[in-house]
Amino acid sequence: MFARFFRDIFLFVAEILHIVLVFGVVSWIMFLLGMAIPRSNFDFEDAFYQPRKWEKNGRIYDRLKIRLWKDRMPDMSKFITRMYRKKLAGFRNAEHIRCLLNETCCAELIHVLSMVISPIYILLLDGISGVIVMILNFLGNIPFVLIQRYNRPRLAQILYKLEKAEQAKGEKEKKETVK
């Protein structure tokens, strides 16, 4: 009786470790892919990254109360110094905002790709475990996609205002040097 109990416990723990290992390897590959893609390949004005009709000019995010929970989600840039920090902090120049916009594009792409490849877990894990991990992986990436889609239009507005201000400042300086 005890032998069977301990065998079942061992098999359960082995299955959990197998799930964690498979999930960890796939997640690590996606992370490395995200780190490897040059940010210059992204343009926040591309159609893929533009707001969609279903977002209702951001009202959908207000209904989801994204402002209340988005900063509580894990952010790898807090732990890996090589990553670009996703905070405005004291940097309020156009170049910094453009880098943040590119980061939102890359993050969205990687999380969407993670959702797309979710069925791989059915192939890598046996039985119901694969289905459960697939569903959890898919659902777990949705908040991160929503955060990028919520932040991007706001950052773009800041960028456009900064560029307009920098352009006006440049024109003013140009007029002053002509005098």
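Colleague: How many aromatic pairs does the structure hold?

Modeller: This is a predicted model, in which local features need pLDDT of at least 70 and side-chain atom pairs count only at pLDDT 80 or more, while totals for chains, interfaces and linings use all residues. Residues are numbered from 1 along each chain as its sequence is written, and side-chain values use heavy atoms, with hydrogens and water left out. Rings of Phe, Tyr and Trp (its six-membered ring) pair if their centres lie within 6.5 Å; planes under 30 degrees apart count as stacked, over 60 as edge-to-face and the rest as tilted. The number of aromatic pairs in the structure is 7.

Colleague: What is the angle between the planes of phenylalanine 44 and tyrosine 160?

Modeller: Phenylalanine 44 lies in the loop between H1 and helix H2 (59-63), and tyrosine 160 in helix H6, 116 residues apart. Their centres are 6.2 Å apart, and the pair is tilted, with an angle of 45°.

Colleague: Is phenylalanine 44 buried or exposed?

Modeller: Buried means under 20% relative accessible area, exposed over 50%, and partly exposed in between (1.4 Å probe, protein chains only). Tyrosine 160, at 41%, is partly exposed. Phenylalanine 44 has a relative accessible area of 3% and is therefore buried.

Colleague: Which residues does leucine 101 touch, not counting those up to four places away in sequence?

Modeller: Contact means heavy atoms within 4.5 Å. With residues up to four places away in sequence left out, leucine 101 touches Phe44, Arg152, Leu155, Ala156 and Leu159.

Note on methods
Helices (H or I, at least four residues) and strands (E, at least two) are DSSP runs, numbered from the N terminus.
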